[in-house]
Amino acid sequence: MGYTDQRFDVNLSILFTELPLLERPAAAAAAGFKAVELWWPWIETPTPDQAELDALKKALDEAGTQLVGLNFYAGQLPGPDRGALSVPGEESDRFRANIDVAADFAASVGCKALNALYGNRVEGVDPDVQDELALENLVVAARAADRVGAILLIETLNKPESPLYPLVSAPAGIAVVDKVNEATGLGNAKFLLDIYHLSMNGENLPDVIAEYAGRTGHVQIADNPGRGAPGTGDLPLEELLDLLKNAGYDGWVGLEYKPGDRPSAEAFGWLSN
């Protein structure tokens, strides 16, 4: 088994970023990948012009790459923000304005997974108020995802790098998944199992996989320490992916790592080792 038995996609928001957005799908295809994922590409706006959406669709289509994951609007990411949906005021409004835009774009390119980053805690705001707002927004997002035949992903991050983000353990992420599914009755909220983030939190990865593989809608990997390519850190990624497959996960594995000091096209040598 190992790496040859996995379906890998490339996250074009962390790899190939030395290229303009519209050139990245073709670069991923040239590197041998048929599938890609993206954070919300227009960090300044939740509602880009239709021409920009059409241009990205064209770039994906012409490259022959399938978009398999897309984030909803998440604020300044990369940057100080970690999502918008639990942040009262303008950011929550921007998330709501983005929901149908992101869902409709996903439908236009056949993307079946939409990731909703929870958002940081805000100083002076009651966490219960943020959690209530989050559930309200996630219910709307889950219904929009269901409308286009997609799942809604809930992602945990890691406390060292995202100290204000409240979902920094697998159980915390799963609890939100359960709340959304209970509220909608749709069952389309799933866990985004990011091995790098979970390892940064010190979780027992085989135990997490054994317990939650059946609730997992998408997987992302990077090595630790360093968030580099597999083999640059200490994580037994081949073994962990085998555990996931043996536990029944047969979905995409997103490559969400930093290429280091080299061009992204040279950051995939581990696949042929």
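**Close-up views of a predicted model**

**View 1. Helices α7 and α8.** The crossing of α7 and α8 is right-handed, a term used when the near helix is turned clockwise from the far one by less than a right angle. The model is predicted, with local features needing pLDDT of at least 70 and side-chain atom pairs counting only at pLDDT 80 or more, while totals for chains, interfaces and linings use all residues. Residues are numbered from 1 along each chain as its sequence is written, and side-chain values use heavy atoms, with hydrogens and water left out. Helix α7 covers residues 205-212 and helix α8 residues 237-246, and their axes come within 9 Å and cross at roughly 20°; α7 is therefore roughly parallel to α8, as angles under 35 degrees are classed. L205, P206 and I209 of α7 meet L240, L243 and L244 of α8, contact being heavy atoms within 4.5 Å. By class, this contact has six nonpolar, no polar and no charged residues (Ala, Val, Leu, Ile, Met, Phe, Trp, Tyr, Cys and Pro count as nonpolar, Asp, Glu, Lys and Arg as charged, and the others, Gly among them, as polar).

**View 2. Helices α2 and α3.** Helix α2 (residues 50-63) packs against helix α3 (residues 90-109) at an angle of about 30°, with the axes 10 Å apart, and the two are therefore roughly parallel to each other. The contact is made by L53, L56, K57 and L60 of α2 together with V101, F105, S108 and V109 of α3, and these residues divide into six nonpolar, one polar and one charged.

**View 3. The largest cavity.** A search of the whole structure finds two cavities of 30 Å³ or more, a cavity being a set of points on a 1 Å grid over the protein atoms alone where a 1.4 Å probe fits but cannot get out, with lining residues having an atom within 4 Å of a point. The largest holds about 50 Å³ of space. Strands β2 (35-38), β3 (66-71), β4 (113-115) and β7 (216-221) each supply at least two residues of its lining, which has six nonpolar, five polar and one charged residues.

**View 4. The second largest cavity.** The second largest cavity, with a volume of about 30 Å³, is lined by W39, W40, I43, Y73, A74, G75 and L77. Its lining divides into six nonpolar, one polar and no charged residues.

**View 5. The largest pocket.** The largest pocket has a volume of about 350 Å³, a pocket being an open set of points with protein on both sides within 12 Å along at least five of seven lines. Of its 20 lining residues, W39, L77, P78, R82 and R227 lie nearest the centre.

Notes. Axes fitted to C-alpha atoms, helices over the stretch in contact; angles between N-to-C directions. Helix = DSSP H or I, 4+ residues; strand = E, 2+ residues; numbered from the N terminus. Parallel < 35°, antiparallel > 145°, perpendicular 65-115°, else oblique. Points joined across faces, edges and corners; volume = space filled by probe spheres on them.
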